[in-house]
Amino acid sequence: MGGLAVTAEHRLGDLELSVALEVAAGECLALAGPSGAGKSSVLRVIAGLVAPRAGRVACGDHVWLDVERGVDLPPEARRCGYVFQDYALFPRLSAWQNVAYGLRGPRRQRRTRALELLERFGLSARADDRPRTLSGGERQRVAVARALAPRPSALLLDEPLSALDARTRAAASRELAAVLHAAGVPALLVTHDFQEAALLGDRVGVMDAGRIVQAGSAGELAAAPATPFVADFTGAVVLTGTASRGDAGLTRVRLDGGGEVSSAEDAVGPVAVTVFPWDIAVAPAGAVDPGSARNHLEVEVVSVTAVGNRVRVGLAAPQPLTAELTEPAVERLHLRPGARVVASWKATATRLLPL
Amino acid sequence: MRWFALPLALALAFLVLPVLAIFLDSPPGELLDALGEPGALDALWLSLRTSVTALAIIVVVGTPAAYLLATRRFRGRALLITLIELPLVLPPAVAGIALLAALGPSGILGGALEDAGIQLTFETAGVVVALTFVASPYYLRQAQASFGALDRSWLDASRTLGASPTRTFARIAIPTAAPGLVTGGALAFGRALGEFGATLMFAGSLAGITQTAPLAIYERFATDFEAALALSAVLVAVSAAILLSVKFFEGSALRHD
Amino acid sequence: MRWLVLAVALLAVGCGDDEPAADERPRLIVSAAASLTDALTVCSREFEGADVRLSFGGSDELAAQIRQGVRPDVFAAANTRLPEELASEDLLETPVEFATNELVMALPGDEREIERVEDLAAPGVRLVIGAETVPVGSYTRDVLGHLPAGVREQILANVRSEEPDVRGVVGKLTQGAADAGFVYLTDITGDLTAVELPPELQPTVAYGAGVVKGTEQQELAQRYLDGLTDGPCADALREEGFGPPPG
């Protein structure tokens, strides 16, 4: 299985799309950006649903599109799985028939394989039901199963979690992350939610106005945003840990890799902890701020990046953490890579997302 | 809100009364007798045959055409749609003239047809042509609307799963749009069954060959009103049966979704 | 709310016609055979004292309407049988004959091979005639009835359409769909050639008309009827080629 290599230039209404990206086999690149940034268009170009003005799409050794050379395979000739935003399940076919749609061969064979996949997604009991009778989460799983059934060479997902309610989304994202890694093919996912991108993507690319503005790990983007837009968009820091009941009605979260924080929200079990960089105060090590902030973490400064008139400070807790300070504050604290400081923020500013 | 009942009652009375009168104006025994008379059954059979043939042509040619119109954007699409819908607003007499001007013996293609040995005037084939012309917009319009209402992502999804545009059309578009297509077919069939003016002008009127039920009714109206009533009653019954079975089909299809 | 007012206003305008003001003329409704179209349309405009509304169609269809309760003021047919029938059913006042016509065999302008009625028996001839119940159709059958049985049957076998009125026959001829047809002399247009029938075959084509019983315009209707034999309409009929009433 090869990786996905894409370049594309296209004009869509007012938007001028211009992207270049690569996704290795087994890797998931998450494109995050506001609506209208052109994210779905990138997927449509790769799938062959839109022919760009210029560009090239190759999956491994197979060239699906090469505008210069006049190569443009139709969608049905590209082995590209696509999970649509509203799932696009065929309304008159049952769940197993949907999953089997992309398969060829005798009916029994197709049904067997479809049932296998549904089993893996925990949907065997719903195999003969029509999409209308399935819940949002179930439909999402059928859609993913359907895209995977024909063993595609690449997987594209358009906002795979956004149609789900908050509770379902948590479990679904965990499942999806596992599926993506098991599939072993390059996966490209688009979302308007940076947190989702951070959770599901091995790498994240921030898109705005048709271009990929910055790409890297989620931590890098938050810690060292290249532009104010990226800084705004990446917003919250995401840590992972395990939550349990604490004292005084607070939730205690043991962070993966060390450290403990408290949150005013309720959760138990694996959680994602989010806090906005501008809610994080930084003080020299050893100085305990007697303010109402409840969370203190001893951290090491990894990077100091100026963005406009703000400064993003990358910290390691050891999980990556990002604080946003003013320039004078950074001066006062003598922050530079390697310095050991204390990051603190309020328990009420700590959001928990069950995983 | 209550005063709305009055216009509804008026509309109902106005539409239902003439139809009921067909059945009530003469004793059923006489109606049945009049049916037994030879020309009547010939006319009914001819009407059914020609309408079914016209419908078959309309569906076979019209379905892919409507699909293309509904799913592709191309220049001049709006104009094309208007042109196709034109026969809808043409009075039947104008339709007759139009067919003659195009396919009649002195028409644009008249010479070519004659050379090819195709005879339309005075032939049953001519009736089928006339019916196809006046009835096709009824189907095309409905089919186009039904295909247009399909969620495009279904069609895209089908393509990404390896199905060619033709396969997508057959396996996804048609079954999903089916209720609308059936309605369109019923409308077209009803229109074809009732066509009078264009058929008379283009194909003429001869018992067994070109005299369809409406033409037979018209002939009998002047001399044998009972026979006209009888034929009308049968046509009403057939049309009602078609309408009801379409409603039934639509309803059951919706339930099975 | 505004659209409601507009709709009502439009309705009022549309129906306004039916309410004649004191100085507007009364209306006279005349049902007449299709073959009378050209003659009566022009002359009726000159009818004094009333607005003449003409309704043309196959005489049998018009008679059927009268039987069904549709009441014009005057009925003019292409034969005398229908007016007499209606009179015996007490639907029409005593009818009068007001014109005669001639039945001819009509050929499209470029037809060369047909010269006599008997030629219609040749195989492959496409003949169009009126339906049995419409006057032009029944006159045609009278003509054919005078021919030897074998010839008659072959001619009838060549019939390709039985039109509900004479205009349909003319139409089929002018489009070039038919090789021959039977129409009235008065229907012959520039595109058609008329072949006169020999006197032994020529049927008596007499047109009869009468005042419809129960009309509210008794005097006007009677005057119109009289005008068919003596007046502007009589003149118009002569001009179109109709003969004077017999006797």
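**Helix packing and salt bridges in a predicted model**

In chain B, helix α3 (residues 38–71) packs against helix α9 (residues 165–194) at an angle of about 145°, and their axes lie 9 Å apart. Axes are lines fitted to C-alpha atoms, for helices over the stretch in contact, and angles run from 0 to 180 degrees between N-to-C directions. Helices (H or I, at least four residues) and strands (E, at least two) are DSSP runs, numbered from the N terminus. The model is predicted: local features need pLDDT of at least 70, side-chain atom pairs count only at pLDDT 80 or more, and totals for chains, interfaces and linings use all residues. Residues are numbered from 1 along each chain as its sequence is written, chains are lettered from A and ligands numbered from 1 in the order in which they are written, and side-chain values use heavy atoms, with hydrogens and water left out.

Contact (heavy atoms within 4.5 Å) between the two helices involves residues including B:Leu48, B:Val52 and B:Tyr67 of α3(B) and B:Phe169, B:Leu181 and B:Phe189 of α9(B). By class, this contact has 13 nonpolar, 5 polar and no charged residues. Here Ala, Val, Leu, Ile, Met, Phe, Trp, Tyr, Cys and Pro count as nonpolar, Asp, Glu, Lys and Arg as charged, and the others, Gly among them, as polar.

Side chains of opposite charge can pair when their charged atoms come close. Over all chains, the structure holds 33 salt bridges, each defined as a side-chain nitrogen of Lys or Arg within 4 Å of a carboxyl oxygen of Asp or Glu. One of them joins B:Asp156 and A:Arg44 at 3.1 Å, N to O. This pair crosses between chains, from helix α8 (residues 152–160) of chain B to helix α1 (residues 39–47) of chain A. B:Asp156 is buried, with 11% relative accessibility, whereas A:Arg44 is partly exposed at 26%. Buried means under 20% relative accessible area, exposed over 50%, and partly exposed in between (1.4 Å probe, protein chains only).

Within chain B, a salt bridge forms between B:Arg141 and B:Glu85, whose closest N and O atoms are 3.2 Å apart. B:Arg141 belongs to helix α7 (residues 124–148) and B:Glu85 to helix α4 (residues 77–89), 56 residues apart. B:Arg141 is partly exposed at 44% relative accessibility, and B:Glu85 is partly exposed at 23%.

In chain C, the closest N and O atoms of C:Arg25 and C:Asp51 are 4.0 Å apart in a salt bridge. C:Asp51 lies in strand β2 (residues 51–57), and C:Arg25 in the loop between α1 (2–16) and β1 (27–33).
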